[in-house]
Amino acid sequence: MSGTDAPLLDELMPWSVAALRLGRGWILAPDRRTLRARWDALVRARGAEREELFVATRARTTRSSVAALPGRPTGTGRLTRESGPCPEPVRVVHGPFDEQWLIPDHRLIDAARPELWRVADAEQLFAVEQGYVPGSAGPALLVSAVLPDGRSAAGRPGRIRPLFRRPGGREPNLAPGLLALLSGRYGREVTADEVLAWAVAAAEGSPSGAVVPLPADPGAWSTGVELGRRMTAIQLRGARGGERPRLPGGCRPYVRSAVPARPGELTYDAEEETLHIGAGRISPVPRAAWDFEVSGVRVLDLWFDRRTAEPEPGTLEAIRAAEWAQEWTSELLELITVLALLGELEPGRRELAGTERITRAELTEAGVLPVRDAARRPASVLDHAEEGPEGQFALL
């Protein structure tokens, strides 16, 4: 069956949100201390200096008046008058596999996508389409428990698709009628998390977005769902009550030589399975982890560059950790583990292709396609007041 006969993820999980548009890089960093230091430098500055450090855009200046982010106790007064402490940074996923920290202040973010913050809770999962690059390697769909910014390593930024449309794991973000169709096809109840797991395992990139072929065979569905659950658990890194990813004994990466304060470059010795971070050494590092790409970009290279690239002098981004942080080494070890484990599952992903598929005609006959417009709009989830500009409250 041709790939064009398979539905798009956009049709199976119809409510999606564009990537966050930060507008300024200094509000994101690999460590919280850096963000607090940058904030302190901003509020110490006065007048034109503060505006210049802030990096004004058409969407945000220090005089912008905006509402607070849902669920975040941050100020709503204009930044020209701000003198308080830095809002508590929150963990976000910055592109593929890169967990960083963000100042969650709506006055700092050009397009924060409040509809995502409203449904981000302990039950939520976010599927993020990766940028399509013809002929490139890597998964088409990644998943996270913390809020993703939706940025892509290359290609056009993907869409962010929450698994649930409402907080508390309520109202799956799935095309109406899809679960009933699949349950009837496979002879048992199919759940929303199974659909996401299948999509994680089976999604294929295309110029139109991620394509998700649905198998006609119940056995193939079960195999793909189990694979997708393993892939999801690895990517969640212990969130939602799971275990943190670990390689078998003897295969786990260890620091053989400490990472220097200012590592020069990242290189890999395939024969020795050793990752060199300047004079530092980590091994064993499987070739699958080093070669792992998303949208054609090597994940380990991108992660390292974001922590060592020289910033522009005189900007808030120039305020950063003076030397390599010990926590980054721990995060690097875990990232290597995540990529190695996902690399081991790649053959299983390829085996999912080629099975007989549910056709678009069947989806259309069942009323799943075309997707209703209402399913593409966010649900109304507000049952409390949110702080608006200048401290005013409104119930939306």
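Leu 275 touches Leu 266, Thr 267, Tyr 268, Gly 280, Arg 281, Ile 282, Val 285, Trp 290, Leu 332 and Ile 336, leaving aside residues up to four places away in sequence; contact here means heavy atoms within 4.5 Å. The model is predicted, so local features need pLDDT of at least 70 and side-chain atom pairs count only at pLDDT 80 or more, while totals for chains, interfaces and linings use all residues. Residues are numbered from 1 along each chain as its sequence is written, and side-chain values use heavy atoms, with hydrogens and water left out.

Leu 275 also belongs to the largest nonpolar core, which has 75 residues. Within this core, Phe 97, Leu 178, Leu 182, Leu 214, Trp 221 and Leu 275 touch the most other members. A nonpolar core is a set of buried Ala, Val, Leu, Ile, Met, Phe, Trp, Tyr and Cys residues joined through side-chain atoms within 4.5 Å. Buried means under 20% relative accessible area, exposed over 50%, and partly exposed in between (1.4 Å probe, protein chains only). Helix H10 (residues 326–351) supplies the largest share of the core, 11 residues. Helices (H or I, at least four residues) and strands (E, at least two) are DSSP runs numbered from the N terminus. Another core, of 34 residues, lies apart from the largest one and includes Val 17, Val 43, Ala 45 and Phe 54.

Helix H2 (residues 32–44) and helix H3 (residues 47–54) pack at an angle of about 150°, with their axes 8 Å apart. Axes are lines fitted to C-alpha atoms, for helices over the stretch in contact, and angles run from 0 to 180 degrees between N-to-C directions. H2 and H3 are therefore roughly antiparallel to each other, a term for angles over 145 degrees. On the H2 side the contact is made by Ala 41, Leu 42, Val 43 and Arg 44, and on the H3 side by Arg 50, Leu 53 and Phe 54.

Thr 76 is buried, with a relative accessible area of 3%. Its C-alpha atom is separated by 9.4 Å from that of Ser 64, 12 residues apart along the chain.

Further along, three strands form an open antiparallel sheet in the order S5-S4-S6; two strands pair if DSSP finds at least two bridges between them. Strand S5 (141–144) and strand S6 (160–162) are the edge strands, each pairing on one side only. Three bridges join strand S4 (residues 126–129) to S6, and Phe 126 has Pro 162 in S6 as its bridge partner.

Conventions: Parallel < 35°, antiparallel > 145°, perpendicular 65-115°, else oblique.
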